[in-house]
Amino acid sequence: MPWSRKKKALVVVLSLIVLIFCVSLVSGIAHRPSGDQIGVVEIEGLISASKETMEDIIRFKEDSSIKGVILRINSPGGGVGPTQEIFREVIKLKDKKKVYVSMGSTCASGGYYIASAGEKLYANPSTITGSIGVIMQLMIVEDVLKKIGLKSNTIKAGEFKDAGSPFREMTPTEKEYLDGIVHSIYEQFIKDVSATRKMDPERVKELAEGRIYTGNKAKDLGLIDNIGDF
């Protein structure tokens, strides 16, 4: 191939490369978010950990382009620890940004606990919400073990170290001890919901007791602000 033809071919190739680069750059800019934005934090299913949710909340809190956040919650609740951690982080977020809550099919117990931290709460008419309460369930397999000829030996230091063991009935003292823990957590739940929803604690207790409500009923009772979807 003569040199002039090689030069022309090289120019064509380089021109195509530049063209592809420019098209990619323009496309990237066109699809890049600009201006004020809304962040979405999704809480789905049983709440057993808080790390990823808290990371999302903190990231949105520190991003100046995010002017508001929607908490999309579809959860029946879960562990007390992670639920309270997320709740506290939402409170911090609300000090800096607008925080609205969109409830899915279920937003109950710990799910509602977190939701109550939002500025405005929205649910579908048939959303199952509420269930303000605390539960501790312990299984006893002592009789089953006896039937199959098995025994359990426990060596402990500390009177309550095996309180709630599945291998024996609890003593009255142990029941009182665990009941105190459950009621202490319950009182924290009531206190936080009362503060965030600006409701009298005694009124919240009346609505609590583990009762669930539809979105429509929750609106009538003041547990949410309005009916609306995501």
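## Basis of the model

Because the model is predicted, local features are given at a pLDDT of at least 70 and side-chain atom pairs count only at pLDDT 80 or more, whereas totals for chains, interfaces and linings use all residues. Residues are numbered from 1 along each chain as its sequence is written, and side-chain values rest on heavy atoms, with hydrogens and water left out.

## Overall organisation

The chain contains eight helices and seven strands, where helices (H or I, at least four residues) and strands (E, at least two) are DSSP runs numbered from the N terminus. Of its 230 residues, 35% count as buried; here buried stands for under 20% relative accessible area, exposed for over 50%, and partly exposed for values in between, with a 1.4 Å probe and protein chains only. The accessible surface comes to about 14,400 Å², and 57% of it belongs to carbon and sulfur atoms; such areas come from the Shrake-Rupley method with a 1.4 Å probe, and for residues only the protein chains shown count as cover.

Among contacts in the chain with a separation of 6 or more, 69% are accounted for by residues 24 or more positions apart, a contact being heavy atoms within 4.5 Å.

## The nonpolar core and selected buried residues

The largest nonpolar core has 39 residues, and M103, I132 and L223 have the most contacts inside it; such a core is a set of buried Ala, Val, Leu, Ile, Met, Phe, Trp, Tyr and Cys residues joined through side-chain atoms within 4.5 Å. In soluble globular proteins, nonpolar side chains tend to be buried together. When neighbours within four places in sequence are left aside, the contacts of I132 include Y112, Y186, F189, I190, V193, V204 and L223.

I114 is part of helix α4 and counts as buried because its relative accessibility is 0%. Beyond residues up to four places away in sequence, I114 touches I43, I47, L71, I73, T83, I86, F87 and V90. The C-alpha atoms of I114 and R88 are 8.5 Å apart, although the two residues are separated by 26 residues along the chain. T53, in helix α2, is buried at 13% relative accessibility, and, with residues up to four places away again not counted, T53 touches V41, I43 and I86.

The buried residues of α6 include L178, V182, Y186, F189, I190 and V193, together with the charged residues E174, D192 and R197. Their cover includes α3 (80-94), α4 (110-115), β4 (120-123) and α7 (201-207). Just after α6, K198 takes a positive phi of about 55°.

I181 also lies in α6, but is partly exposed, with a relative accessible area of 33%. Together with M136, L138 and Y177, I181 makes a nonpolar surface patch of about 340 Å²; patches are made of residues with over 30% relative accessible area and no salt bridge, like charges being joined within 9 Å and nonpolar side chains (Val, Leu, Ile, Met, Phe, Trp, Tyr) within 5 Å.

## Salt bridges

The whole structure holds 13 salt bridges, each being a side-chain nitrogen of Lys or Arg within 4 Å of a carboxyl oxygen of Asp or Glu. E55 and K51, whose closest N and O atoms are 2.7 Å apart, both lie in helix α2 (residues 51-62), four residues apart, or about one turn of the helix. E55 is partly exposed at 43% relative accessible area, while K51 counts as exposed at 58%. In helix α7, E206 and R203 are three residues apart, about one turn of the helix, and their side chains meet in a salt bridge of 3.1 Å, N to O. An α-helix has 3.6 residues a turn, so residues three or four places apart point the same way.

The side chains of K61 and E89 meet in a salt bridge of 3.3 Å, N to O. This pair links distant parts of the chain, with K61 in helix α2 and E89 in helix α3, 28 residues apart, and both K61 and E89 are buried. Finally, K156, D162, R168 and E174 are linked in a network of salt bridges, and E174 is one of the buried residues of α6.
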